[in-house]
Amino acid sequence: MENHLQSCHDLKTDRPDIGQPLPGILALLPIVFVFSVIAAIALNTLFFFQLRNSEQAKEEWKLKVAEESAKQKEIVAMIELIKDEERRANDVRDWVEGSRQMQPLAVSIARSMDVKSSIAELSLLRDSENPKQIKLGFKFDNGGQKQLDATLEAVNALGYRSYSANQTAGKEGSLDYQATLIWQNSNKESLNLTATDE
Amino acid sequence: MKLQDIKDVLTFASFRPEPDDSNVSWARRFPKRRSLLVNLNRDGVSWRALDRGGAFGEQGSSGGELKDVVGEMAEQWQGLTDDGWCAVSVNHRFVISLETNLTRKKGAEEQIRVNPKAALGSKAERGKRYAVKHNPESNSSALLAVDEEYIKQIESVFNGAGLKVGRICCGVYGMFSDAVDQMIEARADYLKGKHEEPLGKIIVIACCEGSVCIMTSDEDRWLELRSRSGLYSADDLEPAQNIIMPLIENSGTGTQIVFASDQEGAALKNLITSSSTGTFINDISRTDGLWSLLKEK
């Protein structure tokens with residue numbers, strides 16, 4: 001059967017450089033090459049689209065960062081405004097808290113006076129820059145030191161403390177007293193005010 | 001390494017045999033490519049196209065000189081092929097003879113083609129190209145001789161017309177050789193069967209496009225060989241009958257005949273059957289005998 005399948009005789013003039021076909025196993029080489037080319041094209045296409053998508057995403061994120069930065073600046077400015085408001089509110093609160101009514105203080109001093117004593121001069125001055133401090137100028141006749149202690153006790157009962165006190169004793173129990181009063185105890189004051197209002 | 005070599009590797013062309021590699025069959029050389037089969041007779045040319053699937057296509061014939069016919073048909077033939085490749089069968093200007101004691105050294109058959117003098121010695125004639133078919137069981141061989149000048153003329157005419165010649169063979173010798181191969185195989189199978197009776201005389205008859213080759217054999221010996229070209233036509237089978245019948249009659253009764261023919265010679269079988277008694281005819285003819293041989297081998 002092998003002979004039967006042999007190729008037919010040939011009488012033509014043979015070309016001298018007729019080559020034998022390469023072994024079949026080497027056909028893997030072009031197959032691998034073709035697959036490599038196809039894979040390279042596919043991967044490049046994939047990378048191209050991914051790169052384009054990533055650039056788009058990058059631009060979107062840049063826009064978002066810019067938006068968020070602008071928002072942050074707005075919030076910081078708002079916080080500054082709020083802080084400013086707070087500071088001003090604190091100032092108002094301090095002023096309000098410091099600007100205690102002076103009427104109870106004057107009434108308290110007047111009530112502290114003994115029957116024999118009389119107020120010759122009373123001044124209560126408040127500094128607009130520092131409303132918590134009240135400059136007290138107090139001059140009375142008769143009673144001397146005892147009357148001063150009673151008056152200061154009444155002032156203290158309203159929550160004020162005296163600082164930088166300066167007193168000058170005169171003739172026949174008269175006394176000139178000057179001090180800076182600083183209000184300290186709000187509870188006492190509220191109590192006294194309540195009592196005063198009643 | 002040339003760019004063409006790289007291209008051939010990438011297109012798998014390097015893994016296929018070259019179109020003019022005579023050691024490879026025509027079917028393997030031209031897979032999925034169109035080619036043309038041409039037969040040259042004394043007084044005309046016939047052809048048959050092969051399509052990409054290996055099926056036969058357009059066929060035709062034309063009378064006249066080879067140069068005139070090829071010049072006239074070249075354009076049409078190129079249109080029937082992918083690259084102009086043709087297989088050419090010659091059926092005249094050849095001699096088939098029975099020889100003995102031809103060298104059977106390794107590579108001798110190839111040497112007969114390229115350097116017949118070295119292989120055939122004094123039996124080689126100048127200006128001839130040879131092919132040989134050895135009898136594996138004896139020292140006899142069937143030797144084909146074709147005029148070298150005619151081969152070169154064919155190559156020149158085809159090349160000049162822009163056609164490429166992938167094979168030049170002798171059609172009747174090819175069919176004869178194929179029939180002998182089948183006879184040898186059948187004989188080997190018969191001997192394996194350990195039959196008591198000898199196989200006896202066998203006559204191989206090959207008829208192709210008007211040419212006839214007849215060989216008688218007795219057991220393992222090839223006895224006599226006769227060949228003629230342009231001997232018969234479809235209308236006139238008598239000359240062929242005249243050369244075949246004496247050999248059959250001389251062989252006696254019980255002779256087996258292996259008959260291979262193309263369509264034109266098919267009627268010869270009926271003539272032989274009616275003229276001889278006591279012979280057994282094994283018809284191995286195939287449809288499109290010559291074209292099938294050229295296509296497959």
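**Close-up 1. Ile96(B), a buried residue in strand 5 of chain B.** In this predicted model, Ile96(B) has 26 C-beta neighbours inside 10 Å, and because 20 or more are enough for the label, this residue counts as buried. You will find Ile96(B) in strand 5, which covers residues 94-100 of chain B. Set aside the neighbours within four places in sequence, and Ile96(B) is in contact with Ala142(B), Leu144(B), Tyr173(B), Cys213(B), Leu225(B) and Ser227(B). Look for Val146(B) as well: 50 residues separate it from Ile96(B) in sequence, while their C-alpha atoms are 8.8 Å apart in space.

**Close-up 2. Helix 3 and helix 6 of chain B, side by side in a right-handed crossing.** Here helix 3 (residues 66-79) and helix 6 (residues 148-160) of chain B have axes that come within 9 Å and cross at roughly 20°. That angle makes helix 3 of chain B roughly parallel to helix 6 of chain B. Helix 3 brings Leu66(B), Lys67(B) and Val70(B) to the contact, and helix 6 brings Ile154(B), Val157(B) and Phe158(B). Sorted by type, the residues of this contact are five nonpolar, one charged and no polar.

**Close-up 3. The side of chain B that touches chain A.** Chain B puts 33 residues into this contact, and chain A puts in 21 residues. On the chain B side, the elements giving two or more residues are helix 1 (3-10), strand 6 (128-134), strand 7 (140-147), helix 6, strand 8 (164-170) and helix 7 (171-192). Helix 7 of chain B supplies the largest share, six residues. The chain B side divides into 16 nonpolar, 11 charged and six polar residues.

How values were computed
Residues numbered from 1 in each chain as written. Chains lettered and ligands numbered in written order. Predicted model: local features only at pLDDT ≥ 70, side-chain atom pairs only at ≥ 80, totals over all residues. Axes fitted to C-alpha atoms, helices over the stretch in contact; angles between N-to-C directions. Helix = DSSP H or I, 4+ residues; strand = E, 2+ residues; numbered from the N terminus. Parallel < 35°, antiparallel > 145°, perpendicular 65-115°, else oblique. Left-handed = near helix turned anticlockwise from the far one by under 90°. Contact = placed C-beta atoms within 7 Å. Nonpolar A, V, L, I, M, F, W, Y, C, P; charged D, E, K, R; others polar. Buried ≥ 20, exposed ≤ 12 C-beta atoms within 10 Å, placed from the backbone.
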